[in-house]
Amino acid sequence: MAAAPTGKVTFVGAGPGAADLLTFRAAKAIAGADVVIWAASLVQAEVLDHAREGAEILDSAAMSLEDVVAVYERAVRDGLRVARVHSGDPALWGGTQEQVDRCAALGVEVEIVPGVSSFSAVAAIAQRELTIPEVAQSVILTRLGGGKTPMPPGEEVREFARHGTTMAVFLSAARSGQLTAELLEGGYPTDTPVVVAYQVTWPEELVLRCTIGTLEETVKEHKLWKHTLFLVGPALSASGTRSHLYHPGHFHGFRRADPAARKSLRAQGAQGAQGAATS
C-alpha cells in the first residue's frame, strides 16, 4: 500500500535581495517545490529563476497568515512541496515561528534554510568587521520601539545603547529622530560612526556614512523611511588593534606558539587586566 501524502514546507532565507546570495541549499529547495510563496516586495524576482516550470507561484504580500496556512493544508492533503521564501534570514523578523507552529499542528514536515541577513550584507559592503578586539566583541540586533509590533520591557534601543558595542538597528528609518535621541540617551557620543544602508544588494542600493549626530539629517535628506538598516558603534571606524587568533604567540590544536611571542602576548594581557582593574 502506498504511503499517504504528507507534503513538506521549506522556509527559505533568500538573503537581503540579490539572487546570487542564495545558498545552494536554498536554490535546491526552490527548484524542488510544487508551490513557491515569496515576498515580492522584499526578494528580487531573479530568485524565481530557480523555480521549476509549472510550479505555482504566490506572492505573500497579498496573503494573510490564514491564506498561507491554507497552502500548507493543501501540502498535507496532496503531498506537495512548498518553498516559503522569506527575505534575509528566517530567524529574524520574518513571522516564521507562527508558521512553523501551525505546520507542526498540521503534521507537515518542515525544513528551515538559513539566509544571509541584511546586517551582515551591509557589513560586507562597508568592508567592516563588527567585532574588533578591544573595541567591540558583541553585536546587538534590534529595532526601535513604537512600531507595529510592541517591544518587550527592557528592550528599548536606549537600554541596549548603554553597552556601547556594535548595534544593527532594523525597521527604524521612519523615526530617525527618535532613534538618534535613544542612541544618545543610552550613552553613545555624538561622533559615533553610523552606516546607513538602503535596499542593500538591490540595484537601487544606497550606503551612506555619517555619525549619530548627523543620522537624522542624513536619513531625511535622502528621504529614507523603509528598507533601511543602521549599523552603529565604534567598531565601524576602529583600527590599530590585533586579534589573538593569528598572533604568533597564540597556540591551538594546529599551531604551536612562538615562545618569545607567547611571553609578550601574556605580558600584554596582564597589563590590560591591571589597567581594567584600576580604571
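Modeller: Contact here means heavy atoms within 4.5 Å. This is a predicted model, in which local features need pLDDT of at least 70, side-chain atom pairs count only at pLDDT 80 or more, and totals for chains, interfaces and linings use all residues. Residues are numbered from 1 along each chain as its sequence is written, and side-chain values use heavy atoms, without hydrogens and water.

Biologist: Which residues have the most contacts inside the largest nonpolar core?

Modeller: Such a core is a set of buried (under 20% relative accessible area) Ala, Val, Leu, Ile, Met, Phe, Trp, Tyr and Cys residues joined through side-chain atoms within 4.5 Å. Leaving aside neighbours within four places in sequence, methionine 167 is in contact with residues including Ile140, Leu183 and Phe230. The core has 21 residues, and those with the most contacts inside it are Met167, Leu183 and Phe230.

Biologist: Is threonine 142 buried or exposed (over 50%)?

Modeller: Threonine 142 belongs to strand E6, residues 139-143; strands are DSSP runs of at least two residues, helices of at least four. Not counting residues up to four places away in sequence, threonine 142 touches Trp93, Phe160 and Met167, among others. Its relative accessible area is 2%, so threonine 142 is buried.

Biologist: How many bridges join E8 to E9?

Modeller: Alanine 197 stands opposite valine 207 in E9. E8 and E9 run antiparallel, and the number of bridges that join them is six.

Definitions and conventions. Buried < 20%, exposed > 50% of the residue type's maximum accessible area, 1.4 Å probe, protein only. Pairing = 2+ DSSP bridges.
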